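User: I have a chain open on screen and want to talk it through. Can we go residue by residue where that helps?

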Amino acid sequence: MIKHNLIFTAIAGLAVMMSNNADACTGIMLKAKDNAVVVARTMDWSREEMNNMYVIVPRGYTQRSLMPNGDADGMEFTSRYGYVGLGIEQAEFVIDGTNEAGLSAGLFYFPEYGQYQPYSPDDKDNTISDFQLVSWILSRFSTIDQVKDAIRDVRVINIDSRAATVHWRIADATGRMVVLEIIDGEPRFYENDLGVLTNAPGFQWQVTNLNNYVNLAPGSAGPTKLGAITLRAFGAGSGFLGLPGDFTPPSRFVRAAFLQSYSLPQDNGFNASMQAFHILNNFDVPLGVQFAVGKAPNNMQSATQWTIATDLKNRVVYYHTMYNRTLRSIDMDKIDFANVAYQSHPLDSAERETIIPVTVN
């Protein structure tokens with residue numbers, strides 16, 4: 001019970017933070033020439049430093065969902081598949097991860113637009129908290145269609161009424177991706193052929209909004225005659241004049257869609273993973289932009305606390321953090337998920353950059 005209460009205290013604090021619009025996660029997908037698929041995203045939170053960790057979950061590990069009463073007496077589920085995930089605050093709260101079958105899932109902040117079912121103690125055996133749904137998906141399923149079938153019998157809830165809702169992306173190694181949003185208590189799946197996801201409004205609106213940028217194209221614009229004068233671009237990339245550069249979810253969705261779509265195809269999953277980090281560098285959120293001058297609650301290095309890219313074909317997870325941009329990797333093929341112990345570890349062993357001095361002779 002002590003552990004459960006500690007978890008409840010952590011998520012209650014998280015709920016308070018999530019009631020503030022301080023999250024700006026951006027997700028993309030890249031496909032390499034060898035058919036490798038890479039899913040990547042940022043994890044952005046500006047209110048305070050999260051307790052960020054990676055989690056290794058073996059086959060046969062049993063979890064139970066936390067409920068609003070503070071006890072972990074909700075839906076119980078046991079892992080058919082081992083998985084690796086990056087989590088926040090508690091190891092139970094996996095934000096983004098991939099299982100050994102190549103299925104990936106991640107949650108994204110979705111305030112004001114989602115509506116879960118109300119909590120009912122009578123249904124607690126098939127009720128799960130939204131922050132544990134990624135773990136349930138990764139532990140139980142190998143395909144998107146399996147998730148779509150199973151979730152109809154599951155009630156997804158907030159364990160604290162102050163918390164905003166979230167939505168999810170689910171992807172597999174074939175390159176298929178869907179977005180799951182719970183609207184009016186009902187799960188709704190949308191095929192995401194684009195592979196991009198941010199936050200609110202809903203996914204369908206975000207895709208429709210792309211039509212406002214039909215004029216954008218890679219390369220340079222002009223020259224264009226304007227009466228007696230000729231208009232010429234000041235530099236390369238002028239075909240993207242008008243690409244939104246702010247950090248709102250719709251603007252990030254548009255920017256991610258164009259940068260991803262026109263990035264050069266890479267030969268393999270490793271190169272595509274490295275390219276994903278370069279693309280997502282465009283979405284690092286400087287802390288000061290999310291608050292009025294003098295109102296920032298802390299002085300973290302970045303509101304983008306970590307960035308992850310996962311090669312679904314080769315089962316390799318890469319990440320870096322706001323403290324250390326040196327890439328770290330977890331090779332899932334080297335993990336014996338039948339025998340490995342359940343474990344979690346901080347993303348950073350030391351909260352500082354790795355600096356390699358240059359020797360000059």
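User: Is Gln 260 buried or exposed?
Analyst: Gln 260 counts as buried, because its relative accessibility is 7%. Buried means under 20% relative accessible area, exposed over 50%, and partly exposed in between, with a 1.4 Å probe and protein chains only. This is a predicted model: local features need pLDDT of at least 70, side-chain atom pairs count only at pLDDT 80 or more, and totals for chains, interfaces and linings use all residues. Residues are numbered from 1 along each chain as its sequence is written, and side-chain values use heavy atoms, with hydrogens and water left out.

User: Where is Gln 260, and what is it in contact with?
Analyst: Gln 260 sits in helix H5 (residues 249-261). Helices (H or I, at least four residues) and strands (E, at least two) are DSSP runs, numbered from the N terminus. Leaving aside neighbours within four places in sequence, Gln 260 is in contact with Ile 28, Met 29, Leu 30, Leu 194, Gly 195, Val 196 and Ile 279. Contact means heavy atoms within 4.5 Å.

User: Met 29, then. Which strand is that in?
Analyst: Met 29 is in strand E1 (residues 27-31). Met 29 counts as buried, at 6% relative accessibility. Beyond neighbours within four places in sequence, its contacts include Val 37, Val 38, Val 39, Ala 171, Met 177 and Gln 260.

User: How far is Met 29 from Gln 115?
Analyst: They are 86 residues apart in sequence, and 27 Å apart in space, C-alpha to C-alpha.

User: Switching to Phe 277. Which helix?
Analyst: Helix H6 (residues 269-280). Phe 277 counts as buried, at 7% relative accessibility. Outside four places in sequence, Phe 277 is in contact with Thr 307, Ile 308, Ala 309, Tyr 318, Tyr 319, His 320 and Leu 327.

User: And Asp 284, where is that?
Analyst: In the loop between H6 and strand E16 (304-311). Neighbours within four places aside, Asp 284 is in contact with Phe 247, Thr 304, Thr 307 and Arg 325. Its C-alpha atom is 9.2 Å from that of Met 322, which is 38 residues away along the chain.

User: Aromatics next. How many pairs does the structure hold?
Analyst: It holds 12 aromatic pairs. Rings of Phe, Tyr and Trp (its six-membered ring) pair if their centres lie within 6.5 Å; planes under 30 degrees apart count as stacked, over 60 as edge-to-face and the rest as tilted. Trp 45 and Tyr 109 make an edge-to-face pair, because their planes are at 80°, with ring centres 6.1 Å apart.

User: Which parts of the chain does that pair link?
Analyst: Distant ones, 64 residues apart. Trp 45 is in the loop between strand E2 (37-44) and strand E3 (52-57), and Tyr 109 is in strand E8 (residues 104-109). Trp 45 and Tyr 109 are buried.

User: What about Phe 110 and Tyr 113?
Analyst: They form a tilted pair, 6.1 Å centre to centre with 35° between the planes. Phe 110 is buried at 1% relative accessible area, whereas Tyr 113 is partly exposed at 41%. Separately, Tyr 190, Phe 203 and Phe 253 form one aromatic cluster.

User: How many residues of H2 are buried?
Analyst: Seven of the eight residues in helix H2 (residues 133-140). Among them are Trp 136, Ile 137 and Leu 138.

User: Which residues have positive phi without being glycine?
Analyst: Asn 35, at about 75°, and Arg 315, at about 60°. Asn 35 is in the loop between E1 and E2 and is exposed, at 62% relative accessible area. Arg 315 is in the loop between E16 and strand E17 (316-321). Arg 315 counts as buried, at 17%.

User: Last one, the overall picture. How many helices and strands?
Analyst: Six helices and 19 strands. Of the 361 residues, 55% count as buried. Among contacts between residues at least 6 apart in sequence, 69% join residues at least 24 apart. The C-alpha atoms fill a box of roughly 75 × 60 × 45 Å along the principal axes.
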